[in-house]
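Please read them beside the coordinates.

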Amino acid sequence: EPGGDNPNRKSISDSIVSGCIPVFFSNNTGRAWQWHWEDWKYQAHISVPRIPFIQGQIDLYTLLHETIPSHIVTMMQSSLHRHARQFQYSYDEDPHDGIRLLLHQLHQRALRKTKDGKCQ
């Protein structure tokens with residue numbers, strides 16, 4: 001997705017939850033979700049260099065449909081399938097959704113910043 005007004009807009013998480021491989025035109029896109037992405041971000045998105053794309057040096061159709069091997073696309077789809085729930089905020093209890101992930105990460109961060117129950 002182009003950076004637009006906000007490189008971390010909701011449509012990115014909607015796309016991920018829907019199983020679409022996100023295409024990023026900015027290194028800033030997705031940075032707000034570091035806890036959601038964890039270590040699998042680079043297995044589940046495509047980065048397109050913004051300036052060469054704007055200058056017409058990259059044909060997006062060719063890049064997406066002809067240069068990325070099908071086994072890489074399958075790997076990305078599989079990674080999204082395994083992790084996409086982390087971008088979803090479920091109405092019902094879901095131990096693997098974004099709310100649980102955020103609460104877990106906040107708890108871990110609080111534990112690292114405390115000693116004997118006191119803030120450092």
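1. Serine 13 lies in helix 1, where helices (H or I, at least four residues) and strands (E, at least two) are DSSP runs numbered from the N terminus. At 12% relative accessibility serine 13 counts as buried, the term meaning under 20% relative accessible area, with exposed over 50% and partly exposed in between (1.4 Å probe, protein chains only). Leaving aside residues up to four places away in sequence, serine 13 touches Trp33 and Phe87, contact meaning heavy atoms within 4.5 Å.

2. This is a predicted model, in which local features need pLDDT of at least 70 and side-chain atom pairs count only at pLDDT 80 or more, while totals for chains, interfaces and linings use all residues. Residues are numbered from 1 along each chain as its sequence is written, and side-chain values use heavy atoms, with hydrogens and water left out.

3. Serine 18 sits in the loop between helix 1 (10-17) and strand 1, and is exposed, with a relative accessible area of 58%. Serine 18 and tyrosine 61 are 43 residues apart in sequence, and their C-alpha atoms are 21 Å apart in space.

4. The structure holds one aromatic pair. Phenylalanine 25 and phenylalanine 53 form this pair, which is tilted, at 4.9 Å centre to centre and 50° between the planes; rings of Phe, Tyr and Trp (its six-membered ring) pair if their centres lie within 6.5 Å, and planes under 30 degrees apart count as stacked, over 60 as edge-to-face and the rest as tilted. The pair links distant parts of the chain, 28 residues apart, with phenylalanine 53 in helix 3 (residues 50-54). Phenylalanine 25 is buried at 9% relative accessibility, whereas phenylalanine 53 is partly exposed at 30%.
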